[in-house]
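Good morning, everyone, and thank you for making the time. Please have a look at the model on the screen, and then I will talk you through a few parts of it.

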Amino acid sequence: KIEDEERKNYNGKPIDYYKDESIEVKCWKEKRRGNIFNFSEIWISHPSQLRRTLVDNVISKKHLDFPSNIFSKTNGVVGMTADYCAYRDYGIIVQYGNIVRDTSRSLLDTAIYDKNGNFSFCVDSDAFFESDIFKSGDVIHTFAFGPVLVNEYKVKQSYKLTSYICQEMDPYPRAAICQFDYDKHYLLCTVEKPGLTLTEFAEELEKCGVRFAYNLDGGQTATLIFNQTRFNKAAYGGERPVSDMLYFATAVPND
């Protein structure tokens, strides 16, 4: 857990905060390694409050929208662009327990979010469909990007962490979803331009004390939204149309 004295804006402004009986969210900015990090720490009461939305409920390059527009159609408190799954024609996607795309390729790490609200991962391959977690019906969502940055509180070293596929060799705006522990406690993070290498990004997330961290689509895609307002500065001139977002929703009914 990030201590309160560390959870503060680098520019002295108060942190942004939301709380009801089902969710608590804190958003703030820090300067690390000369870059602006945008953080959102989230506690939820039920795993169903982490949700994924696809534009028009399909994976298609013809069905894209700006992140702010996508988020405005949800009841999310905080959300972030996810894996831009329509950018590629491969990568296993499960949404609310249903297989949306079953084309796999071993270049990717698949992040798995389960019915207990916990993240795990596997290599993106057909073996996923033979795994115990899939056969048990415990999978709520998967994300097809990666790589895994932190696993069991330590930077996960792998060839994918230094692969040109993930723009490792140059600084780059970044995005990640993280879990602190096994008790529905999460962290979203984006890093603004000029950005970091993946190894540097993983090292900073490890310092936050997260158990698990998974790299999502960065660059111009990376967008964090809190309370219907974009929280980070979008790279390269503004928001980019994408196919999907993840978000954390309140479970309190609207009046």
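Let me start with the salt bridges, of which the count comes to 17 in this model, which is a predicted one. As background, side chains of opposite charge can pair when their charged atoms come close.

One of these salt bridges is formed by Glu-24 and Lys-26, where the closest N and O atoms are 3.8 Å apart. Are these two residues buried or exposed? Glu-24 counts as buried because its relative accessibility is 17%, and Lys-26 counts as buried as well, with a relative accessibility of 13%.

A second salt bridge brings together the side chains of Arg-33 and Glu-200, at 3.9 Å from N to O. This pair links distant parts of the chain, since Arg-33 sits in the loop between strand E2 (23-32) and strand E3 (35-44), while Glu-200 belongs to helix H3, and the two are 167 residues apart. Arg-33 has a relative accessibility of 39% and therefore counts as partly exposed, and Glu-200, at 27%, is likewise counted as partly exposed.

Lys-207 is exposed, with a relative accessible area of 57%, whereas Glu-204 counts as buried at 4% relative accessibility. Salt bridges that share partners join Glu-30, Arg-32, Arg-33, Glu-200, Glu-203, Glu-204 and Lys-207 into one network.

Which residues of H3 are buried? They are Leu-198, Phe-201, Ala-202, Glu-204 and Leu-205. Looking down the axis of H3, we see these buried residues fall within an arc of 165°, and so they line one face of the helix.

What follows the helix is Gly-209, which has a positive phi, near 85°. Gly-209 is placed in the loop between helix H3 (198-207) and strand E15 (212-216), and because its relative accessibility is 29%, Gly-209 counts as partly exposed. If we leave aside its neighbours within four places in sequence, Gly-209 is in contact with Tyr-153 and Phe-180. Cys-85, by contrast, is 124 residues from Gly-209 in sequence and 28 Å from it in space, taken from C-alpha to C-alpha.

Let me now turn to strand E8, which spans residues 109-114 and is mostly covered, with 6 of its 6 residues buried. In a regular strand the side chains alternate between the two faces of the sheet. In E8 both faces are covered, with Asp-109, Ala-111 and Tyr-113 buried on one side and Thr-110, Ile-112 and Asp-114 buried on the other.

Which strands does E8 pair with? E8 runs antiparallel to strand E9 (residues 119-123), and 5 bridges join the two; within this pairing, Ile-112 stands opposite Ser-120 of E9. The hairpin of E8 and E9 has 4 residues between the strands, and in this hairpin Gly-117 takes a positive phi near 85°. E8 also pairs with strand E10 (residues 139-145), again in the antiparallel sense, over 6 bridges, and the bridge partner of Thr-110 in E10 is Ala-144.

How values were computed
Residues are numbered from 1 along each chain as its sequence is written. This is a predicted model: local features need pLDDT of at least 70, side-chain atom pairs count only at pLDDT 80 or more; totals for chains, interfaces and linings use all residues. Side-chain values use heavy atoms; hydrogens and water are left out. Buried means under 20% relative accessible area, exposed over 50%, partly exposed in between (1.4 Å probe, protein chains only). Contact means heavy atoms within 4.5 Å. The arc is that of the directions from the helix axis to the C-beta atoms. Two strands pair if DSSP finds at least two bridges between them. A salt bridge is a side-chain nitrogen of Lys or Arg within 4 Å of a carboxyl oxygen of Asp or Glu.
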